[in-house]
Amino acid sequence: MNSISKKERGVLLILMVGVFLGFLNQTLMNTALPQVMADFKISTSLGQWMTNGYMLVNGIMVPLTAFLIQRLKTRTLYLNALLIFAIGTLIAGFAPTYFVLILGRMVQAAGAGIFGPLMNVVVMNIFAVNRRGEAMGIIGLALNFAPTIGPTLSGFIVSSHSWRWLFWGIAPFIFLDLILAFFLLKNIGTQQFLRFNFLGVLLSSIGLGSLLYGFSNAGDGQWSSPNVWGFLLVGILVTMLFVYQQTHAKNPLLNFNVFKYHNFTIATIINVVLMCALYGGALMLPLYMQTVRGESALISGLVLLPGALITAILSPTSGKWYDQFGARRLAPIGLGIVVVGTIILANLRLDSPLWLPALGQLIRQLGLVMVTMPIQTEAFNSLPIAMVPDGSAVYTTIRQVAASFGTAALITAYGLTAAGVKAGQTQVMADLRGIHVAFWIATGLVVTALLLTRLLRDRQYIDEDRHVHQEND
């Protein structure tokens, strides 16, 4: 299959709009936090639940998508997910209280959690193995560009308008995509009438929910609090029980046999390490710009803009590079570039020119765009097509947990360092020192991911007939 049909291109475009809007909402509210706190008169820790609540529900939904993608038709599943996302957007946009705002965000996340895994499965079904990198690179426009541009976009909007426009502004695009999907979206893949594994859903929701909630509470560095270690302990134990139940169930919610495929396992581990560095490090630059330097949210967003643009420009190209060279060659180069960018950010000073943090972030994003989608494509390419829904759900779920852990761990390192500086230093210098330490830890994590790429084997493609095609890189 050297090309895709007009119908399949239409399917991809419609799904990409939903994926873009869903991932955009992960970070869209970050810059608006001070305005929301002032409107509802709430604390910072409570305000963080605009993002934490979204990520929590999103993470809980992902394991369920493996079942939904196989049980429901593409059109039915996407229309329902998009409708739930639209309802949540309207609830949040017109929220009279902060509780209703959080409720709206969680409803949004229940729909958005389906978009990414569904898109992965559709791409793996309609593209030949030697063109999936190109397709995933195009999807990277949504997966990578959307959360990167979120803080910049919201910085522009909230500088002159109410935070409610962050919801009202995207609502028309959601309904437009809903209309297009209703009339134009066709079904991809084969529907399977699987039995619903209620116990699996219950255990995964409690286990993953507890883990993500515990890591969210750990953001203030209070790991000794029962709200942190208690939920983490419950999360670990219940998640282990979930894995045991799934490996012994006749109709598992997730097929953990995906880990029998070497490159899937290695790519997943690399992604875990990278997400810890990426998401934790992503919070440090806004802290440096706004807390240490005292710049506005708009200036902070502008510093992030070049990195967001390079992500958008190079995502399709990085996919073509993957098809040509493979992850084993491409990922080490990308991770090496990420190391350089992170080192620049780890050496920022109070009086550094504004172009320096912008340059460091641009270099980081340049490297990341060469790694994130190629590694993900490598993971899915190593699986039989029938196991891609399970692989996508497992990969995405583990990424969510890793991102939450990385955020909590680096914020803790930042907070402990800032609190432990020598007496006599100003709070600004203490915060700067904490940011330095966090970025150096992120550098170490990226170097670890770089070393792990040596464990990737020569490219192995598994096609629809489950024959293995091997190329030597």
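## Salt bridges

Arg-349 and Asp-351 are joined through their side chains by a salt bridge, with an N to O distance of 3.3 Å. Asp-351 is exposed, at 57% relative accessibility. The structure is a predicted model.

A salt bridge also links the side chains of Arg-293 and Glu-295, here with 3.8 Å from N to O. That pair counts because the cut-off is 4 Å between a side-chain nitrogen of Lys or Arg and a carboxyl oxygen of Asp or Glu. Arg-293 is partly exposed, with a relative accessibility of 21%, and Glu-295 is likewise partly exposed, at 24%. The count of salt bridges under this rule is two.

Ser-318 is part of helix α14, which covers residues 297-325. The relative accessible area of Ser-318 is 1%, so this residue is buried; the class requires a value under 20%.

A polar atom of the Ser-318 side chain lies 2.8 Å from the backbone oxygen of Ser-315. When neighbours within four places in sequence are set aside, the residues in contact with Ser-318 are Leu-330, Val-369, Met-370 and Pro-374.

Terms used: Residues are numbered from 1 along each chain as its sequence is written. This is a predicted model: local features need pLDDT of at least 70, side-chain atom pairs count only at pLDDT 80 or more; totals for chains, interfaces and linings use all residues. Side-chain values use heavy atoms; hydrogens and water are left out. Buried means under 20% relative accessible area, exposed over 50%, partly exposed in between (1.4 Å probe, protein chains only). Helices (H or I, at least four residues) and strands (E, at least two) are DSSP runs, numbered from the N terminus. A polar contact is a pair of N or O atoms within 3.5 Å; within protein, one must be able to donate a hydrogen and the other to accept it, and residues adjacent in sequence count only if both atoms are side-chain atoms. Contact means heavy atoms within 4.5 Å.
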